[in-house]
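Reader: Hi! Could you walk me through a few local features of this one?
Author: Happy to, here it is.
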Amino acid sequence: MSTKYETVIGLEVHVQLATKTKAFCACSTKFGARANTQVCPVCLGLPGVLPVFNKKAFEYAIKLAIALGCEIQRVVKFDRKNYYYPDLPKNYQISQFDMPLAYNGKITVEEDASGASRSIGVTRAHLEEDAGKLIHDARLPFSYIDLNRTGTPLLEIVSEPEIRSPDEAHKYLTVLKQIIEYLEISDCNMEEGSLRCDANVSIREKGARKLGSKVEIKNLNSFKAVRDALRFEEIRQEEVLEDGEIISQETRLWDENKNVTISMRAKEAAHDYRYFPEPDLVPFEVKEEEVEIIRDTMPELPAEKIKRFETEYKLGHKDVEVLVSRKDIADLFEEVEKNVKKAQIAANWIKGEVMKHLKEKSTDVKGLNLDPVNLSKIIQMVEDGTISGLSAKEVLAVCLETGDDPDDIVKKKGFKQVSDEGELESSIENVIKKNQKSVNDYKNGKTNALGFLVGQVMKETKGKANPKLAGEMLRKKIT
Amino acid sequence: MDNIFFSIDTYRKWLEQADKPLKDTVSFLIERLLSIDKSINAFSEVEGEAIVARASVLGKGAKGRALFGVPIATKGNICLKDALTTCSSRILEGFRPPYSATVTEKLMAEGALIFNGANMDEFAFGSSCEGSCTGPTKNPWDRTRIPGGSSGGATAAVAAGEVAAALGSDTGGSIRQPAAMCGVVGFKPTYGRVSRYGLIAFASSLDQIGPITNNVADCAAMLEVIAGYDEKDSTSVNAEVPRYTDSLNQDIKGMKIGIPKEYFIDGINDDVRNCISDAIKVFKKLGAETVDISLPHTKYAVSCYYIIGPAEASSNLARYDGVHYGHRDRNARDLIEMYIGSRNEGFGAEAKRRILLGTYALSSGYYEAFYLKAQKVRTKIADDFKEAFKVCDCILTPTTPTTAFKIGERVEDPLAMYLSDIFTISANLAGLPAVSVPCGFGKGNLPVGLQLMAKPFEEEVLIKSAHAFEQNTEHHKVRACDL
Ligand SMILES: [Zn+2]
């Protein structure tokens, strides 16, 4: 984008709270069940039945409110948002209108590599219930309705229009997702829809006070899609303005395949949802003690953890960022560090091998079935020269696959390094005999010839030689 | 026909003496009801086989229970598992809920025989029972007149001796007004005293289920069974339920009865006025004192009610759209047509009127002027009562301004119809308990009712005063079914 304009972005994020049961009934919230098997008269909106609020959803929402530094409403009040849609069996959604549970919070994102940061205001976070899903088949003259999702608790988190670039929007989402994952209040799985995001974007000439016409972008199925769609949109809007035309306030859909936004509908007068207080749910007071109890159960959040890791473990910012990116990884690091007592080495292992396995299997530490004790053992074996780094990687792979003890794997595979001078003696002699050219090179000052020779020793011993020891012995023999 | 339902006690003695298998009794009761109901139309459909089937599973232990074998009518908006529950509306044609209302469960646990689906004004919108999609119920005292509404079917069934007692729902007088017009006792408990779970909502913040009975003792017994906290209804109040039958015979000497001047207006007909003055004399004779009180915001009650009630109703009734259950327009070609067609065919005139009224009152730009203002007025009305109850224990008023009117008389005049609830609406807006008790007869031998209102959760005050009055008058002994 040119420097003439600036971009104004606001994000609306819907997060499904990971409560076991729905917001107003006892149905399971589990994803992926057969259609319409997780329903009851309450979430089906049958006549005469009444909602009963799941206090766990309240607890989860309060956790996020605390994490985002929000003010918390003293009274929890629900409202009805009235609109007709077949995936909403009551034709109203229980939501919160004028008294969102949490308001006036902020999310801090890093501005650039220098570590400077910027705060994005969080206008509000409110509780509501999710709708069901319509399943369309273009060949059929009707649609199917799956109401399993109906009534799942949602937290809608609305940012101030303070985000200034698509990259910053991406960072905002990353930080928000990280916090939510740390709080363990949502799966944050965009593919399963447990985290959804709509973006509002407008541009204006730099220095202008008035906001430009707002365009809402929907169908954003990943953080990357959010960034790409916003990048596309700011350029599109600039072109419209440069052509002397007016940007119309509308809703646009992101087409991931074509990398464009497409106009979906013009935003005429705002939809009238006829909000009014939900008479079936009695407002209840938020007690200060209750909030304090929840506050006491809060985990250390990413921002605090980053600071602590930097000072406590003396690690560089980049390393810490990777370790803290997920709570399970940070926890794994700390467990391993406790055993091996070498922070940088533990960090390298986790950043490297462990992350590789996590990515390959696209899972978390739990799903990887990685016992921190085993990882510590492997690292220690490398450190004390029992096995080579190369073997260690294989031990880890086998360990993840079988769950076997690393000691047993090393034994079974014969990975134990030869660290005995006597045992290595003949191999070293052989290598020197066979590679006179390299020996001479080394003697003539080509120091990297030693590496080649060590490699030959490794080959000779089928990888079992302790390379450090082999190097020392070679040097002594040659010089 | 013998009046076996003079009281629940009389009936239970009769049942004991008859000493027949319950199955035979049930069949007899169904036959008896159907024969009486030919001229009343309190029920549009009686599912006899289901009633027999439910009786057969009552179990041996049920025999000693408070309502064993007692036939009780329930209004058509109170859910009964697998039974037709239609709110007398075409839009719910064929609807059988897979659950029972908490009150129904409680009655059945006490051994009651449920005669469900009593006729009503569609979705309880009305004061005459003419708004039913299956035709009006007739007043047992004069079959050319309305029984009152909206619980007209349930009330007429009790008055005509079809059942021993009934459950109705009261949003603005729908239990008390027909009770007065049919000469029986009708009780609206404090908001939150009785679970609303399984009551198909009209206006959630006003609706309350209550008993309709031949006398105050039956009423106390019924209330005792249905009252209490229900975890399925967040608006039900978690407070201990007293034994209401224990308060029946408590003395009312020295009790202060408030007489609000705003309830003795020009519109009251003379029959009603005279009966109420006589009733006041009875209370005085019993040692109660009367206190003149004022409830200054009474004049706003009807308008306030006709904003809040329809507003909530417009949202509560939004779910009847032909998509998931109930009536669907089969000719619709797309979703919008299906919504419009189903609702247009499914709802009657009054339902449409109230949905439109409520939608309007909640619309942006009108919300503050209507809904919000009505909520403020509602608070003022409740405050009036709080103030009044500083100087009195209960408040006595007529239940209705007139006796039962002719069928068809007010159908074309909704405003006149709305005014028949003018004295009963305030108790709903303020959430107070209130009872209507027979207090005499006007021209044409038409019953007149008096209303007593008390502080929230002081149902006992109403029971003892209503009982004292009843025991010292003869009105309740005269029954329509004896005519
Ligand atoms: Zn459910």
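Author: Let's start with F142(A), which sits in the loop between β8 (133–136) and β9 (143–146) of chain A. Helices (H or I, at least four residues) and strands (E, at least two) are DSSP runs, numbered from the N terminus. This is a predicted model, where local features need pLDDT of at least 70, side-chain atom pairs count only at pLDDT 80 or more, and totals for chains, interfaces and linings use all residues. Residues are numbered from 1 along each chain as its sequence is written, chains are lettered from A and ligands numbered from 1 in the order in which they are written, and side-chain values use heavy atoms, leaving out hydrogens and water.

Reader: Thanks! Is F142(A) buried, exposed or partly exposed, and why?
Author: Partly exposed, because its relative accessibility is 42%. Buried means under 20% relative accessible area, exposed over 50%, partly exposed in between (1.4 Å probe, protein chains only).

Reader: New topic: what is the phi of C188(A)?
Author: Positive, about 50 degrees, although C188(A) is not a glycine. Most residues other than glycine have a negative phi, and most peptide bonds are trans. C188(A) is in the loop between α2 (166–183) and β11 (195–205) of chain A, and it is buried at 4%.

Reader: And what about phi of F123(B)?
Author: That one is positive too, near 55 degrees. F123(B) lies in the loop between β2 and α5 of chain B and counts as buried at 2% relative accessibility.

Reader: Nice. Which residues does the cis peptide bond join?
Author: G149(B) and S150(B), with omega about 10 degrees. S150(B) is in the loop between β2 (113–118) and α5 (152–159) of chain B.
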